[in-house]
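Trainee: I should like to learn how to read the features of a structural model. May we work through one together?

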Amino acid sequence: MIVSDEVLPFLGAANGALRSIYGLVKRLDAGQSRPEETVEELSRRLDGLWDRLTDLRDEMRRDLGVTERVQGPSR
């Protein structure tokens, strides 16, 4: 994927959140999660993922000139 320098931090934040969630899901599924890794923690991380995906979408739209800047990364 080719993205501008402005979009790259937003993409990195979303990608990092996805990788973290995937690892947690795999550990929970295998029964090898750490004590603090619970289904509730997974739900919290998913909520944060939606925020990152929204930020990424907004920045990509701004970068394409579809809309004005909405906000910077909040994470």
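Predicted model: local features only at pLDDT ≥ 70, side-chain atom pairs only at ≥ 80, totals over all residues.

Trainee: How does one judge the length of α2?

Mentor: One compares an expected span with the distance between the end C-alpha atoms. The 26 residues of α2, at 1.5 Å a residue, should span 38 Å, and the end C-alpha atoms lie 37 Å apart, which agrees.

Trainee: Which residues of α2 are buried, and against what do they pack?

Mentor: A residue counts as buried when its relative accessible area is under 20%. In α2 (39-64), the buried residues include Glu 41, Leu 42, Arg 45, Gly 48 and Leu 49. The buried residues of α2 pack against α1.

Trainee: Which residues form the largest nonpolar core?

Mentor: That core has five residues, namely Ala 17, Ile 21, Leu 24, Leu 42 and Leu 49. The elements giving two or more residues to this core are α1 and α2, and α1 gives the most, with three. Leaving aside residues up to four places away in sequence, Ala 17 touches Leu 49 and Arg 52.

Trainee: Where does Glu 37 lie, and is Glu 37 buried or exposed?

Mentor: Glu 37 is in the loop between α1 (8-30) and α2 (39-64). Glu 37 counts as buried because its relative accessibility is 4%. Apart from residues up to four places away in sequence, Glu 37 touches Leu 24, Arg 27, Leu 28 and Arg 45.

How values were computed:
Residues numbered from 1 in each chain as written. Heavy atoms only, no water. Helix = DSSP H or I, 4+ residues; strand = E, 2+ residues; numbered from the N terminus. Buried < 20%, exposed > 50% of the residue type's maximum accessible area, 1.4 Å probe, protein only. Contact = heavy atoms within 4.5 Å. Expected span 1.5 Å × (residues − 1). Core = buried A, V, L, I, M, F, W, Y, C linked by side-chain atoms within 4.5 Å.
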